[in-house]
Amino acid sequence: MPTSRRISFRFLLVALSFLCGVAGAIAAETGERRVALVIGNSAYRAAPALPNPGNDAQDVAAALRAVGFEVIEGRDLDRRGMGEALGRFARAAVDADAALFYYAGHGLQFRGENFLLPVDSAPNDEFGIPYETTRVADVIDALQNAKGVRLLILDACRNNPLADRIASAGRSRDSSIGRGLARIAQTRGMVIAYATQANDVAADGRGRNSPFSAALVEQLAEPGLEVGQLFRRVAAGVNQRTGGRQTPELSISLLGDFYFNRSETDQQAWAKLRDSEDGPKLRDFLTRFPKSYLADAAKARIEAVERTQREEALRRQLATYEEERRKAAAAAESARQAEAARLAAAKVEQDKLAAAQAEQRRKAEDDAARQQAEQRRKLDERLAQLEADNRKAQAELATRADDQARRARDDKERERQALERERLSTAQAEKLKAAETDANRQKQDEDRRIAERLAKLEEENKRAAAELAARLKAEQEIREAGERERAKLMAELEAERRRATEELQRVQSAAASAPARIDEATRLAALPGGTPEPAKPPAVIDLAGLTRTINLELGRVGCYSGKPNGEWSSKATSRAVREFARLANLDVPGAPTTDFLDVLKRQSGRICPLTCSARQTERNGVCVAKSCPRGERLDADGDCVAPKPKRVAQERSVRPAAARPPAPARAPAPAARGRCFNFNGQSFCE
């Protein structure tokens, strides 16, 4: 930024700070309420950041506060933040005398409608634009709550890469994403200002602010500008800053005048100060209106006033000097006369003083002699007193020396006792250290024993796990053997069933043909000369085969567990037949019949419950023998118990040899078998 622009910007800030107080006072006097919402979005997440909108919003908000606006300010707002700020502004704008909305950041037009982009907006296509942006129409609705002037200022015509990306990737023919912002339909009582013309792109600028915002802030500080005149000056300033590449556009629909800065103008202020000789007020005029055409006149007036003030000061200094010189001459003459009178009086006083001094000298000599005698007497008394004090001090020194010697002996005794306590403490510490070492060693031995015990237990656990795996494997083999046996029995049962069926069919066929054969034999016997053939005996049913088939079916339904032996009268077959008949609510047959076999075949699953002995357990529908951990055995009740060691009784007391009766002769005891050991004072043998 050039030096001249920096200086002018500093003057502008000073002027704005001064105008804040003035504008507040004017607003209080007029009772007018002005509200504004100022938003600047720079830090876009889906597009390159903009350098100026944050600064633009900050400076415009300060300029509006300086001219009496209540400002709601927001920077880098997301969609939710812009919605909340717009809601606050809509409530604040109700019945306001003036309502203003200023926005700096990215914006775009879509299908002829304008949208402002929050910093989190990232629409991938035209369908996301209405849902990820803020409609300018919503802003206009919020402005309509004001009863007075409504102002919409948009510095949002910057080049937008999001709009370019959406336009290049459009998905429908009717999607229309224009360049810059579209022209808004005018409404009564509204002022709409664009940073550039409709459908065009504005520049960001290279300084702190965009060209449009910089010109706007500069003109807001100028008092007495009507809104149309102010924005025309802004347009001229933007056009000058951009070399004619950018021209703002203004739309006004007002019935009256509106002034941003209602403080007095430079002409009004100069009319009051034209003949003034108050230098501070004249310099304040230059501070408030540094670019006024009356600034040169104010400077000339200040120089004239200062020159007059300097001349008046010189005249006052000369008059003061002459008065002081006259007073000095009169004072010198008075001093000379006073000095002569003083010398005369001093001569008289000197004579009196000489006489008085002689008298005083005589009296002083008498007093000195008297004082010397008195001092000599006091000195002798003092010497005697000092001698007595010296003797007393010697006695005290001797007493103190004895006390010191006694204290020294006491100190030596205390030192000896301290050394003894230290020696005892060292010995105690060594004992404690030795005890701690022994405790640590014992703890290490105990830890080692525990570790060995844990290793042994781990080994036993591994061995038990291996035994359990072997036992499970054996049980699995037993189950597989049972399945194979069951499959074999089922095959035999099926074969036996087929044979029984075939036999039954053969018997039934023979029984059906027997009457016919008998009739034929009778007919042949009645014929003359005919010799009847002997009748064949009826077929005999194989009861043993039928019993084996019934045994197989009883085994299938879980009522028979033995081998098919074909004996109907056996205990196992009779018990199985009775159990099945009880559970099936049948009468117990006295002999094997095909009807009973048919009833068995119609059963689809187990009928008789599985019953295992106390030393067995049910597993997967099969009774298997129970297993016990190592070192235990299975008793008759099916419980795992440890074997009890044999106990060898010992004599609890020993009598004297003389008091014991002679032991009777015993047969030699058989040699003990196994290993014996002692536990808790008792002997046990395996």
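**Ser121.** I began with the contacts of Ser121 in this predicted model: leaving aside its neighbours within four places in sequence, Ser121 is in contact with Ala46, Glu132, Thr133 and Leu162, where contact means heavy atoms within 4.5 Å. I then placed Ser121 in the chain and found it in the loop between β5 (113-116) and α4 (129-132); helices (H or I, at least four residues) and strands (E, at least two) are DSSP runs, numbered from the N terminus. Ser121 has 1% relative accessibility and therefore counts as buried, the classes being buried under 20% relative accessible area, exposed over 50% and partly exposed in between, with a 1.4 Å probe and protein chains only.

**Conventions.** I noted that residues are numbered from 1 along each chain as its sequence is written, and that side-chain values use heavy atoms, with hydrogens and water left out. For this predicted model, local features need pLDDT of at least 70 and side-chain atom pairs count only at pLDDT 80 or more, whereas totals for chains, interfaces and linings use all residues.

**The chain as a whole.** I recorded 14 helices and 17 strands in the protein chain. Of its 686 residues, 29% count as buried. Among the contacts in the protein chain with a separation of 6 or more, 67% are between residues 24 or more positions apart.

I checked the length of α2 (residues 53-66): its 14 residues should span 20 Å at 1.5 Å a residue, and the end C-alpha atoms are 20 Å apart, so the two agree. The expected span is 1.5 Å times one less than the number of residues in the helix. Ten of the 14 residues of α2 are buried, and I wrote the helix down as mostly covered; the buried ones include Asp56, Asp59, Val60, Ala63 and Leu64. Just after α2, Gly68 takes a positive phi of about 95°.

I next turned to α7 (residues 211-220), which packs with α2 at an angle of about 15°, the axes being 9 Å apart; axes are lines fitted to C-alpha atoms, for helices over the stretch in contact, and angles run from 0 to 180 degrees between N-to-C directions. That angle makes α2 roughly parallel to α7, since angles under 35 degrees count as roughly parallel, over 145 as roughly antiparallel, 65 to 115 as roughly perpendicular and the rest as oblique. On the α2 side the contact is made by Asp56, Asp59, Val60, Ala63 and Leu64, and on the α7 side by Ser213, Leu216, Val217 and Leu220. α2 passes α7 in a left-handed crossing, meaning that the near helix is turned anticlockwise from the far one by less than a right angle, while clockwise would be right-handed. Nine of the ten residues of α7 are buried, so α7 is largely enclosed by the rest of the structure; Ser213, Leu216, Val217 and Leu220 are among them.

**Around α3.** I looked at two aspartates for their backbone angles. Asp76, in the loop between β2 (69-75) and α3 (79-92), has a phi near 55°, a positive value in a residue other than glycine, and counts as partly exposed because its relative accessibility is 37%. Asp95, in the loop between α3 and β3 (98-104), has a positive phi of about 60° although it is not a glycine. Most residues other than glycine have a negative phi. As for packing, α3 and α5 (residues 136-143) have axes 8 Å apart at an angle of about 25°, and the two helices are therefore roughly parallel to each other. Leu86, Phe89 and Ala90 in α3 meet Asp138, Val139, Ala142 and Leu143 in α5.

**Arg548 and α12.** My last entry concerns Arg548 in helix α12 (residues 543-556), which counts as partly exposed because its relative accessibility is 30%. Leaving aside neighbours within four places in sequence, Arg548 is in contact with Glu496, Pro564, Asn565 and Gly566. Arg548 and Leu493 are 55 residues apart in sequence and 8.2 Å apart in space, C-alpha to C-alpha.
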